[in-house]
Amino acid sequence: MKLFKKGLLFLLVAFLLFVAYLFFNMFTFPSKQISSKPIEPLQINSTSVSNFSRAIQIQTVSPEDPKDFDTLQFQQFADFLSSTYPLADSLLNKKTFNDFSFLYHWEGSKPDLKPIILMGHLDVVPVIEENIPDWRESPFGGEVIQDTIWGRGTIDDKVGVIGILEAAERLLQNGYQPERSIYLAFGHDEEIGGVEGAQAIAAYLQEQNVQAEFVLDEGGSIVQNMVPGIPGDVALIGIAEKGFVSLSLSVKVEGGHSSMPEKETAIDILSSAIAKLKQKPFPSRISAPIDGFIEYLGPEMPFVNKLVFANQSIFSPVITKIYEGSASGNALVRTTTSPTIFNSGVKENIIPQSAKATINFRIIPGETIESVEDRVKNTIKDERIHIQRSDFISNPSKVSHTDSFGFQTIHETITEIFPSTLVSPYLVVGGTDSRHFNEISDNIYRFSAIKLNKGNIKSFHGLNERIPVSDFENSIRFYHQLILNATEN
């Protein structure tokens with residue numbers, strides 16, 4: 001009996017120590033938020049809004065078929081930039097790449113300081129013709145209605161390009177001379193890979209031995225009421241982005257008449273392979289960007305969430321399970337598997353002898369295109385299926401630092417322009433032009449000073465893309481203040 005009591009006492013003490021350990025970690029979970037004094041809002045005149053509206057009206061569409069590329073529209077946009085921002089065009093050293101991509105060099109007074117690079121892209125995705133009746137306003141009208149700007153590119157990504165140039169032009173008008181050099185890099189084909197735009201610009205910078213202090217591209221944003229446990233706005237700065245590869249799976253076997261099917265047809269074999277891939281998803285895990293997300297937002301969460309996040313080493317299975325509960329959360333913790341194309345058959349009574357499918361994978365940091373291919377082969381285990389990777393591929397980016405000058409400067413600038421907004425590192429699940437700049441800087445960040453919520457988050461690349469005028473104005477304010485913060489030593 002005594003031994004039993006001693007055992008219970010031991011378990012009780014162990015439990016209390018465990019609870020004490022959890023609470024100690026929670027109460028010593030430090031906030032990483034920077035407290036900055038809000039600055040007086042920069043006055044934005046109506047001309048800036050008109051300039052943005054005009055930029056939306058120019059249809060710089062990157063089509064899927066290169067034959068449909070409209071050089072007249074892109075030339076019109078190039079002329080628009082030159083005439084609308086004459087000081088940037090004349091006072092900065094401007095280089096053109098493949099006719100329609102541009103790099104502006106704003107030389108600083110202290111050449112020993114590493115430069116910064118601010119990026120954006122000029123092109124937009126097509127508007128599906130049959131969907132035009134579902135647009136509330138013309139997709140290329142650039143209409144300003146009830147303090148909202150409508151049109152393709154308002155979010156992705158002319159808001160970044162015009163926001164940067166409006167800020168730069170204003171500083172040039174005031175005779176501003178940065179101590180740290182600045183590069184403004186605008187590609188014209190981001191939506192189809194960025195080969196002629198951002199990749200060409202990055203290759204040139206590499207030839208010039210440019211090493212940047214940091215690079216800032218699109219990718220993150222300020223999300224509103226979209227982070228569980230956080231009731232307000234959260235600015236998500238992408239410190240990495242997922243890689244991507246599409247694998248083509250094809251099979252060819254004997255076909256025939258549908259009245260005499262074999263045990264397995266080409267469609268059966270390929271469907272079974274896809275089912276195996278979906279039934280055995282890539283393992284979930286907390287990568288470095290999500291670890292940073294937990295460190296920055298965990299201390300700001302309610303009691304239970306904070307307790308869990310403060311003890312990530314113990315509760316990581318719980319955390320990943322929570323993320324797996326939604327499509328957006330699941331994309332943050334694993335390499336995703338998405339069948340996107342399936343082709344087979346031409347007639348209802350003919351068994352096809354071949355079938356082909358395309359599976360798109362978005363690859364989490366820590367995995368590679370090669371590891372994805374190996375897992376697919378080992379999961380399918382069917383030598384009849386031929387696997388071939390697509391040409392348009394990219395490994396996950398490296399993970400940038402959160403204790404760097406760049407991240408801290410972006411963080412500080414956000415809190416100056418958007419008081420009470422929390423800031424956090426983040427994993428960008430899509431692709432950006434910044435992936436071409438991996439050799440240019442160790443610190444690449446992805447953030448646009450616009451607000452996304454459940455009402456507009458599906459509009460870019462979709463229907464009714466739009467942003468409030470105030471978001472565009474705040475974008476100018478953000479880049480204006482970021483340039484000041486980053487280029488004054």
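Modeller: Gladly; let's start with angles. Those under 35 degrees count as roughly parallel, over 145 as roughly antiparallel, 65 to 115 as roughly perpendicular and the rest as oblique. Axes are lines fitted to C-alpha atoms, for helices over the stretch in contact, and angles run from 0 to 180 degrees between N-to-C directions. This is a predicted model, where local features need pLDDT of at least 70, side-chain atom pairs count only at pLDDT 80 or more, and totals for chains, interfaces and linings use all residues. Residues are numbered from 1 along each chain as its sequence is written, and side-chain values use heavy atoms, with hydrogens and water left out.

Biologist: At what angle do helix H2 and helix H14 pack?

Modeller: Two packed helices are described by the angle between their axes and the distance between the axes. For H2 (residues 46-57) and H14 (residues 469-487), the angle is about 105 degrees and the axes are 11 Å apart. The two are therefore roughly perpendicular. Ser 48, Val 49 and Phe 52 of H2 meet Val 469, Phe 472, Glu 473 and Ile 476 of H14 (contact means heavy atoms within 4.5 Å).

Biologist: In what order do the strands of the open sheet run?

Modeller: Strands of a sheet pair through backbone hydrogen bonds, either parallel or antiparallel. Here four strands follow the order S12-S14-S10-S15, with antiparallel pairing (two strands pair if DSSP finds at least two bridges between them). S12 (336-344) and S15 (386-389) are the edges, each with a single partner strand, so one side of each lacks a neighbour in the sheet. The twist averages 20 degrees from one strand to the next. S12 and S14 (residues 354-363) share eight bridges, and Thr 336 stands opposite Arg 362 in S14.

Biologist: Which strands does helix H7 lie across?

Modeller: H7 (residues 266-279) lies across S10 (243-252), S12 and S14, at about 170 degrees to S12. Helix H12 (residues 369-380) lies across S10, S14 and S15, at about 35 degrees to S10.

Biologist: Why is helix H8 described as largely enclosed?

Modeller: Buried means under 20% relative accessible area, exposed over 50%, partly exposed in between (1.4 Å probe, protein chains only). Seven of the ten residues of H8 (residues 288-297) are buried, so the rest of the structure largely encloses this helix. Among them are Ile 290, Phe 293 and Leu 297.
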